[in-house]
Amino acid sequence: MKSRTKVVVIGGGIAGCSTLYHLTQEGWSDVVLVERDELTSGTTWHSAAQVTNFGMNQTMVGLKSHSIALYKKLRDDPEYPVGYHHGDGGIRLANTEAQMQGYRHFASMARGMGVEFEVIDAEECARRHPLIATENLLGGLWDGQDGDIDPAQLCQALAFHARKAGAEVYRSTPVTGLTQHRDDTWTVHTEHGDIDCDIVVNAGGYRVNEVGAMMGVQHPVASMEHQYFVTEDIPAIAEAGHRMPLLRCPISDYYSRQEKNGLLVGFYEQDCKTWGMDGISPSFSNDLCPDDLDRVMDVLEGAFQRMPVLAEVGIKRVVNGPITYTMDGAPLVGPIPGKRNAFCIIGLRAGLGEGGGHGWLLAQQIVHGEACYDTWVIDPRRFTGHATVELTSRKAIEDYQNEFRFHFPHEHRPAGRNAKTTPLTPVLAAEGAEFTVVNGWERVDYFKPSPDFRPSLSFDFDEAFDVVAAEVQNVTTNVGLTEVNGFNRIEITGADRHAFLDRMICGTVTRRAGRVGLGYLLNDHGCIKAEATVANLPASDRGPERVWYGSAAASEYHDMDWLKLHLKADEDVRLRSLTNDQTILVLAGPRARAVLSDCARGDWSADGFPWLSVRECCIGFAPATVMGVSFSGELAYEIHVPNASLYAAYLALREAGQAYGLKLFGARAVESMRMEKGFLHWKADLITEFDPFETGLARFVTLDKGDFIGKAALLERRVAGPGRKLVTLRIDAAHAPAHPGASLMLADKVVGTITSGAYGHRVGMNLAYAFIAPDLARTGAVMDLDLCGERVAAQVIEPSPYDPKFERMRS
């Protein structure tokens, strides 16, 4: 066994084997995989091994398409062929028009990734799958690439080709410990000796937290028992003359695929069970849980109704094994939060179908720092301190119970709610707040007109449309107040704080005390990594001279890791997170200054406190830090308040606002207003696939300053020219917004992809942002938006259609 290597991958299932293989494909041959038993002895060996192109976003579709292409290549490899039934086709059923509408959106989204789905009616579903009945069925989504693969052969083939490229695989080699050294390298301790390495990868499957504990981390991954059975032969299958398509049924919570001349039928029962919460026996390997078919009888009844043949056939065998889930059902693939040179590829509940793509994207991150797609949807840092295994288990149960039911826009399921709250959460709830969730935080979405107000789930504008319009109207004419909790806030102190930020940010970094600036951080490829406000606070009784670095709530772990990664040993810079200590109250509207002046001492006039100023003060008697910034395009103030004083500040603002028509508003109103102003959202419009020139942020780039992260790559990209450009669109539709991922078309060619969409109530336009082909990125250019299967006109307009000179927010 080697004593030194570049990367050690821990775990020999699909996650580990795919990572090892793709590391060699990226040019790293000095890599090792260690497995405690045999390859595929965990969840992989009993997988139902379905391989579909369907995904909830473009990144997932892209990695699944890579998996399919890879598996076809391995199937056809004469040296080590893999059993792969590709192209059997698959149907996702639907019995409501809302589900069918969602399928039409997913077809639009997938088209941008080169994947063609069909939305078919009930009769066509039955024609393509002759074993199903059409009662209570509207139709379904057809994936012609769907199929299944032999799990053991797949993993062995990946390991075989990795070995050929120089990698080594050590079976029967349990890891007993992990030690990280001062230079951030690792020693992997095993029962057969130690291996020193630069990078370690946790691909531990359902033993993920055993490996995590060796690093001192706990991952939000929980396991669920999952059952399927294999039937005796079914004559209709043998007589069909073709393989049966795969079937996924959200109506009855089951799936099926052909297994020889019978069917493999799996269940997502409501009476489901977590597994391994109190530890896993060391001897559990190539093993299963006890059968428990009584638990799935309610689901089985629905399967009998949909596929009557199941009631007439015997069962060959039953499989009940653990599968892993995360808090949102998507895996954790990427850097481990708070650790250097440590990555994970875990929580792969659909591991066999997706594993080829996940290992591909992870290997790119390890070797190149980024993958070809923005990987935030699978990034481990998207969950922060609230993401315990206990909370994950509740979300895993909920996800399991809804396995084939996708999330609608504005849908927030009940499990795990109130994970993060502030002193105002119950107060705002009493005011009628409907909450959305941002990184676990309960954030106001809008205020309900009545306690029983429940908008329908749809891809159309819902019943909250007029409610949001009224909130926007009051902000525009009077003054509004909302809470923005969870906003990422890092306090930066030390003499070199500005020099450090100047190296991190691609534009000019303001150094003046009492001033606020906006900046963008790039990755080593010259593309957008982060967006931050930089506020310079003078020394006071609250602290020394310092910078507050502020960014999106979701970026809490992401941005801290990025900043720490680039600190130099000789720099006088200290970073401290204040994210969970303070909350923002946003006061916005033409009367905002009057309200602030009535409850806070000091000169708040346009001359005394101009736009982009920051000042410490008291709101009533509550200590606060006020910034003159706006995400709405109106005169606005961000009032940062310690959570202990938040209620007091809120009461002071409410009392002062009574004379000025102050009303509460929520996140949906903010979304509408920021779209009208041309303001961008991190990980919607600001992603790692595009640079600031492509994203329309050239004004925030200062190329004639000193070096900054990504500068050399950005200069090369500027010479090469844009691959896509971000534009603002007016959508010719009154019934629905443009949804992220939807395709923009010229004839039958995809020319762009939507990133954000919302109705602009102040300008009376249905607005969207999109990255489109550069030759179309001109005002007046017209194309079609595939809006849930309907072609509607989309026209490029000038950005910031509301107050384009930014006069109102400076007033």
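At what angle do helix 2 (residues 58–75) and helix 9 (residues 351–368) pack? The first legend answers this. The model is predicted: local features need pLDDT of at least 70, side-chain atom pairs count only at pLDDT 80 or more, and totals for chains, interfaces and linings use all residues. Residues are numbered from 1 along each chain as its sequence is written, and side-chain values use heavy atoms, with hydrogens and water left out.

**View 1. Helix 2 against helix 9.** The two helices pack at an angle of about 105°, with their axes 7 Å apart. Axes are lines fitted to C-alpha atoms, for helices over the stretch in contact, and angles run from 0 to 180 degrees between N-to-C directions. Helix 2 is therefore roughly perpendicular to helix 9 (65 to 115 degrees counts as roughly perpendicular, under 35 as roughly parallel, over 145 as roughly antiparallel and the rest as oblique). On helix 2 the contact is made by T59, M60, G62, L63, K64, H66, S67, L70 and Y71, and on helix 9 by L352, G353, E354, G355, G356, G357, H358, W360 and L361. Contact means heavy atoms within 4.5 Å. Sorted by class, the contact of helix 2 with helix 9 has seven nonpolar, nine polar and two charged residues. Ala, Val, Leu, Ile, Met, Phe, Trp, Tyr, Cys and Pro count as nonpolar, Asp, Glu, Lys and Arg as charged, and the others, Gly among them, as polar. Helices (H or I, at least four residues) and strands (E, at least two) are DSSP runs, numbered from the N terminus.

**View 2. Helix 1 against helix 9.** Helix 1 (residues 14–25) and helix 9 have axes that come within 8 Å and cross at roughly 45°. The two helices are therefore oblique to each other. Their crossing is right-handed (a crossing is right-handed if the near helix is turned clockwise from the far one by less than a right angle, and left-handed if anticlockwise). From helix 1, I14, S18, T19, H22 and L23 meet G351, L352, G355, G356, G359, W360, L362, A363, I366 and V367 of helix 9. The residues of this contact divide into eight nonpolar, seven polar and no charged.

**View 3. Helix 12 against helix 17.** Helix 12 (residues 465–477) packs on helix 17 (residues 667–677) at an angle of about 65°, and the axes are 9 Å apart. That angle makes helix 12 roughly perpendicular to helix 17. The crossing of helix 12 and helix 17 is right-handed. V468, E471, V472 and V475 of helix 12 meet R668, A669, S672 and M673 of helix 17. By class, this contact has five nonpolar, one polar and two charged residues.

**View 4. Two loop residues with positive phi.** D184 has a positive phi of about 70° although it is not a glycine. D184 is found in the loop between strand 10 (175–180) and strand 11 (186–190). D253, also not a glycine, has a positive phi of about 60°. The loop that holds D253 runs between strand 14 (246–249) and strand 15 (254–259).

**View 5. Domains and annotated spans.** The chain is divided into domain 1 (4–378), domain 2 (428–450 + 462–486 + 581–684), domain 3 (487–579 + 690–720) and domain 4 (723–810), with bounds from an automatic or database domain assignment. The C-alpha centres of domain 1 and domain 2 lie 44 Å apart. In an unreviewed entry, UniProt lists residues 724–803 as "domain: Aminomethyltransferase C-terminal"; its positions are in the numbering used here, feature names are shortened, and annotations may be inferred rather than shown by experiment. Residues 724–803 are 0% helix and 56% strand, with end C-alpha atoms 26 Å apart.
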